[in-house]
Amino acid sequence: MMTQYCIKPVHSLPGRLRVRIIRLREQQEHAGWLKNQLLAFTGVKTVRLRPAAASAVLTYDRQKTDEQRLLEHLNSIDWSLATESEYEPEYCGGDNLLNLVGLAATQFLPKRWAALPAIALIAPTIAEGVDSLRHRELKVEVLDALALSLSIARGDYRTAMLTQSLLTLGEYFEQETSRHSDELLSELMQPQNHAVWVERDGESQEINSEQLVNGDVMLLGPGDNIPADGTVLRGVSLINQASMTGESVPVRREAGAWVFAGTQVQDGNIAVRAEQVGDESSTASIRRFITESLSQRSETQQVTQKMADRRVAITLAAGAGVFALTRDWNRLASVFLVDYSCALKLSTPIAFKSVMYKAATSGLLLKGGRAIEQLAGIDTVVFDKTGTLTYGDMLVTDVVSFEPKKTWAKRLLAIAASVEEHSNHPLARAVVSAAQQHELPHINHGEVEYVIAHGLISELDGNRMVIGSRHFLREHYHIDFAPFSEQIEELEEQGRHLLFISLNEQLVGMIGLQDNVRDEAAQVIHQLRELGINNVILLTGDKQHKAEQMAKELDIDRFFAEASPESKVSIVQGLQEQGCRVMFVGDGVNDAPVLTQADVGLAMNQSTELAQQAADAVLLQDSLHGVVVARELAVEAMALVNSNIKLTEWINSGIMLAAAMGRLSPTLSALLHNGTTIGVLLRSLAARK
Ligand SMILES: Nc1ncnc2c1ncn2[C@@H]1O[C@H](COP(=O)(O)OP(=O)(O)OP(=O)(O)O)[C@@H](O)[C@H]1O
Ligand SMILES: [Zn+2]
């Protein structure tokens, strides 16, 4: 690798590392990008950059990473992928202190003495404006520079210093909030280590993805996260590479193909030989995903940004007009100092980040400002059933053997659990935990294949074994249910969810499970209605009568039953075509496409990795209350953003008018204007609490 070893540690303490990154100084326009890259490293807690000094300071969690690994990560950063993100000098408390000293100097020292410190402190701000002009951009920095230069040229160091201090303070506030929220969010978005099935010594076993070594054969099915790069040995599957390419249409991969770590299996089963375990490539996609979520610009943000930049031209024109009429330098400076684009520009991202922060601390991960905007606009909520409106942990209540000698029931459960171990479906988890409770042994079986929304196929002593829904066994394997219909009906009447098991296309037994509606479900639906959502829909793969029963019980407007993953997508699409703006709440592998299709996808806490990746928001607690919180926070955020914009415009237009009429001294104008800016920022900041 070309970049190897150009990044060197300068200073290190336990949990803290300072490095010199020459590239950072050479490519300052990539500083924002780099920062998010660093934040996405496993275990990194905070990042501070000083591009001019080519320095970066990282603090990290020593349980999760160490200096060696961080340096390896640093050296493997692919700079060719860098995107320009506006370079924001990182102010620190010290800068504000210096300004305070400068401010005191202009207040108490004779003018001659105050000039030097004032000019020294202000020079960088002016340089930024000049820089912006050099890039042929008419941005706020230009106005700031103009106003400051004007004050200095006129020898008014007090006004200049005051403006400078307020500008710095405002940006400092902004940086502090976004830093805190970025750090918190990137920590939450880090994937956890999870279990992976591998084939070792001819046997399949479950290990932690951390224990994976090159050459391991990983057995992957729908919903699984691919923990390392590798080559497909057997099988065919659809891989969702959204986390890597941003493209949510899955790609087909079969024997011989290469698959990337961090992507997910959406459908089908494959065996993959791990070839780049723990390699940089495995974290690259995760890093990209986090970087993008953090730097994603919402629509409102883009609109306010444009508005802000237009304001610069307006202010310039107003200043020029006033000066042409009055030839009054004071008025000119006063007008320039009321550039209110910064309040517009800064307050929106801060408000969004504050809300993301607040959401995270109350158990909800919102992936960016876009998610907030969409959430505020929805009018329809579609719920998945199993694991969403019902508890993820179901209970096995009956194990029925259809064998003549009914002693078989325990073995039946043991077999089912041994196979279901390979699935993460709520039904599968229930079967496994029932077997564990009875301390049943593991029964050897062949490779397990998961057919999404249907069930599992495996092999037992040379016999084909199928376990899953009645539809799966009957329609796909032509298994006869007639002889047992009485027993089946009996359990169905009790509202049990049934799983069927067949050996060599003979029905051998069934497992009855009880799924309980979440205690909070009814309340949550009621609260959503109070928040203006009048269309609540249930969408499930389960049977008609169960869906109907639940819809009635929970006061749900409409339901769609026996939906396949594809029909789930088309149902949501249909709703959107009718003009509904849809939030989908779900948890399963088969929910991933519909989570993407919906305007807002919200994944439950116990969701599969794929569902969490596909979603715009993820609940961090196993409760539906987060759905209400999400909506409330989004509405609150948008109200805040809009009122900030209005407030800024009204107040500043007033100030500008007064300035143009010559009623304000430049100092007062700067004070009023920057005061409103900081006020608006504080309002946005307050949304964190
Ligand atoms: N791992 C599994 N083991 C056995 N059967 C399964 C498994 N996964 C799915 N099935 C069967 O396929 C059916 C449909 O599954 P799917 O995941 O689409 O729906 P669901 O989770 O039961 O309901 P919902 O759509 O409300 O989440 C299940 O009801 C079950 O009978
Ligand atoms: Zn089918």
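Visitor: Is E475 buried, partly exposed or exposed?
Guide: This is a predicted model, in which local features need pLDDT of at least 70, side-chain atom pairs count only at pLDDT 80 or more, and totals for chains, interfaces and linings use all residues. Residues are numbered from 1 along each chain as its sequence is written, chains are lettered from A and ligands numbered from 1 in the order in which they are written, and side-chain values use heavy atoms, with hydrogens and water left out. Buried means under 20% relative accessible area, exposed over 50%, and partly exposed in between (1.4 Å probe, protein chains only). With a relative accessible area of 44%, E475 is partly exposed.

Visitor: How many salt bridges does a search of the whole structure find?
Guide: Side chains of opposite charge can pair when their charged atoms come close. Some salt bridges here are linked in a network, which includes K385, D515, D542 and K546. A search of the whole structure gives a count of 24.

Visitor: How many residues apart in sequence are the parts that R200 and D216 tie together?
Guide: The side chains of R200 and D216 meet in a salt bridge with an N to O distance of 2.7 Å. R200 is partly exposed at 23% relative accessible area, while D216 is buried at 6%. Helices (H or I, at least four residues) and strands (E, at least two) are DSSP runs, numbered from the N terminus. R200 lies in strand β5 (residues 195-200) and D216 in the loop between β6 (203-208) and β7 (217-220), so the pair ties together parts whose separation in sequence is 16 residues.

Visitor: Which helices hold R311 and E649?
Guide: The side chains of R311 and E649 form a salt bridge of 2.1 Å, N to O. R311 is buried at 13% relative accessible area, whereas E649 is partly exposed at 23%. The pair links distant parts of the chain, 338 residues apart: R311 is in helix α10 (residues 299-326) and E649 is in helix α24.

Visitor: Which residues make the nonpolar surface patch of about 340 Å²?
Guide: Patches are made of residues with over 30% relative accessible area and no salt bridge, with like charges joined within 9 Å and nonpolar side chains (Val, Leu, Ile, Met, Phe, Trp, Tyr) within 5 Å. Accessible areas come from the Shrake-Rupley method with a 1.4 Å probe, and for residues only the protein chains shown count as cover. One member lies in helix α24 (residues 625-660) and is partly exposed, at 36% relative accessible area: L647. The patch is made by L647, W650 and I651.

Visitor: What is the length of the polar contact that joins the side chains of Q264 and N225?
Guide: A polar contact is a pair of N or O atoms within 3.5 Å; within protein, one must be able to donate a hydrogen and the other to accept it, and residues adjacent in sequence count only if both atoms are side-chain atoms. Q264 lies in strand β11 (residues 264-276) and is buried at 1% relative accessibility. A polar atom of its side chain lies 3.1 Å from the backbone oxygen of G262. The contact between the side chains of Q264 and N225 has a length of 2.8 Å.

Visitor: How much of the accessible area of ligand 1 does the protein cover?
Guide: An oxygen atom of ligand 1 is 2.9 Å from an N or O atom in the side chain of T386, and a nitrogen atom of ligand 1 is 3.4 Å from an N or O atom in the side chain of Y450. In the side chain of K568, an N or O atom is 2.9 Å from an oxygen atom of ligand 1. Of the 590 Å² of accessible area that ligand 1 has on its own, the protein covers 96%.

Methods
Salt bridge = Lys/Arg side-chain N within 4 Å of Asp/Glu carboxyl O.
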